[in-house]
Amino acid sequence: MCRGHPAGVRDRPESDRSRSHARDAALARLKRATRVVLFGATALAGAFAGLAAHSAPGHHKTAARTVTRTIRTTTQAATTDDAPATTSAAPAPPPPPPVVTQAPPVVASGGS
Amino acid sequence: MIAELASVSFPALGTTAALCVAESEALPAAHAELDRELELLDAACSRFRDDSELSRLNAAAGTGPVLVGPLLLEAVSAALDAAAATDGLVDPTVGHTLRLAGYDRRFVEVKLRDGQSFRASFATVPGWEGVELDRPAGTVSLAEGVELDLGATAKALGADRAARAATLASGSGVLVSLGGDIAVAGPAPDGGWPVLIAEDHAAPLDGPGPKVALVAGGLATSGTAVRRWQAGEATLHHIVDPRTGRPAETPWRTVSVCGASCVHANAASTAAIVLGEEAPAWLEARGLPARLVRDSGEVVHVGAWPEEGG
């Protein structure tokens with residue numbers, strides 16, 4: 001009467017194996033992701049520590065010069081949205097060229 | 001659109017400030033922003049006010065870091081960037097030699113001085129490497145003997161800042177000119193902002209010279225013909241060659257350059273005056289449209305600067 005296994009019971013081991021595979025794969029992905037995050041965090045911590053060390057007072061002149069340039073670059077990147085390169089003379093993309101016009105000028109550009 | 005343009009000009013910073021808006025009703029709001037920026041700029045960056053932040057910073061050279069306000073910090077940063085971008089051809093540490101040469105007061109007073117009896121002297125330019133800027137701390141340190149003159153870049157910075165602030169406040173496209181150094185921001189009128197290129201920024205607008213239209217960025221003209229003064233038998237001008245500490249010996253009367261901003265344009269036009277004959281190649285290599293006028297009157301166009309009358 002009950003010799004045979006119900007279909008659901010008979011299929012369970014395969015389903016378990018499949019779930020187990022999925023879990024193993026997910027764990028492996030998580031492990032890889034954790035490694036990447038840890039590596040990134042370590043690299044960032046190193047970079048910030050280096051930056052902080054350079055920013056601290058007491059450096060000799062050459063080191064301080066390097067800091068100045070780094071700070072300026074960082075600031076430009078941080079203010080790109082609301083203050084583009086207009087406040088700096090650092091390299092910028094070429095401007096749109098002027099064109100000849102016949103319209104009456106509103107202002108003169110000349111020496112002052 | 002052209003018919004709706006409205007403009008105003010007035011004396012400021014020892015030169016002329018001009019403001020133009022693409023929508024006439026925006027003029028009051030834009031004007032208020034320009035006034036505010038000019039007041040801040042003068043208080044922060046003037047070399048001729050004892051109470052300016054720059055004067056206090058210069059007086060503290062050699063004493064270590066000095067806390068400065070955000071605008072002077074930005075102006076020093078822009079000046080150092082200009083120095084780096086031009087390999088030191090534009091150097092903010094020319095203040096001392098400029099003062100010895102006779103530019104030691106507002107220019108209107110320099111012009112009133114008896115030039116025949118005045119004797120100029122010159123000093124070595126200490127170099128922009130003697131300036132240390134710490135933006136997070138908000139401090140600037142000047143090495144002993146360093147005296148900053150931000151004239152080359154601060155006016156241009158003021159034009160950029162004022163144009164941006166005015167367009168934000170008014171919602172209109174805006175052009176700001178400070179002594180002929182021009183910044184535009186916001187939507188330009190149809191056909192762009194029409195500008196006369198002249199030897200003197202105070203030239204009449206119906207006078208001779210090519211007319212070009214700008215849609216973005218900045219345009220600056222540097223020249224040796226306007227800001228000149230007498231020192232005995234010599235005639236001096238205000239653009240110092242940092243390599244010699246003396247007014248630049250240059251074949252160019254004026255150099256006009258278009259840049260991504262007025263600060264970029266000003267740094268390049270000033271550097272071109274100092275560079276002399278190498279200037280066209282230097283500008284070309286940087287992709288900067290430019291117009292150079294020799295003492296002889298010969299005109300040289302660089303890059304995408306349009307042919308006159310074309």
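Which strand of chain B do two bridges join to β1(A)? The views below answer this and show the surroundings. This is a predicted model, in which local features need pLDDT of at least 70, side-chain atom pairs count only at pLDDT 80 or more, and totals for chains, interfaces and linings use all residues. Residues are numbered from 1 along each chain as its sequence is written, with chains lettered from A and ligands numbered from 1 in the order in which they are written.

**View 1. Strand β1(A) meets strand β9(B).** Two bridges join β1(A) to β9(B), residues 211–214, and the strands run antiparallel. Val100(A) stands opposite Val212(B). Strands (E, at least two residues) and helices (H or I, at least four) are DSSP runs, numbered from the N terminus. Two strands pair if DSSP finds at least two bridges between them.

**View 2. Chain A touches chain B.** Here 34 residues of chain A are in contact with 72 residues of chain B (C-beta atoms, placed from the backbone, within 7 Å). On the chain A side, α2 (61–78), β1 (99–100) and β2 (107–111) each give two or more residues. α2(A) gives the most, with six residues. This side divides into 21 nonpolar, eleven polar and two charged residues. Ala, Val, Leu, Ile, Met, Phe, Trp, Tyr, Cys and Pro count as nonpolar, Asp, Glu, Lys and Arg as charged, and the others, Gly among them, as polar.

**View 3. Eight strands of chain B form an open sheet.** The order is β1-β2-β6-β7-β10-β15-β16-β17, with antiparallel pairing. β1 (6–12) and β17 (299–302) are the edge strands, each pairing on one side only. Five bridges join β2(B), residues 15–21, to β6(B), residues 174–178. Within this pair, Cys20(B) stands opposite Leu175(B).

**View 4. Helices α1(B) and α6(B) pack together.** α1(B) spans residues 27–45 and α6(B) residues 151–170. Their axes lie 8 Å apart, at an angle of about 150 degrees. Axes are lines fitted to C-alpha atoms, for helices over the stretch in contact, and angles run from 0 to 180 degrees between N-to-C directions. The helices are therefore roughly antiparallel (over 145 degrees). Contact residues include Leu34(B), Leu38(B) and Leu41(B) of α1(B), and Gly158(B), Ala162(B) and Ala166(B) of α6(B). The contact divides into eleven nonpolar, two polar and three charged residues.

**View 5. Both helices lie across strands of chain B.** α1(B) lies across β1, β2 and β6, running at about 150 degrees to β2(B). α6(B) lies across β2, β6, β7 (181–185) and β10 (218–223), at about 155 degrees to β6(B).

Methods
Parallel < 35°, antiparallel > 145°, perpendicular 65-115°, else oblique. Contact = placed C-beta atoms within 7 Å.
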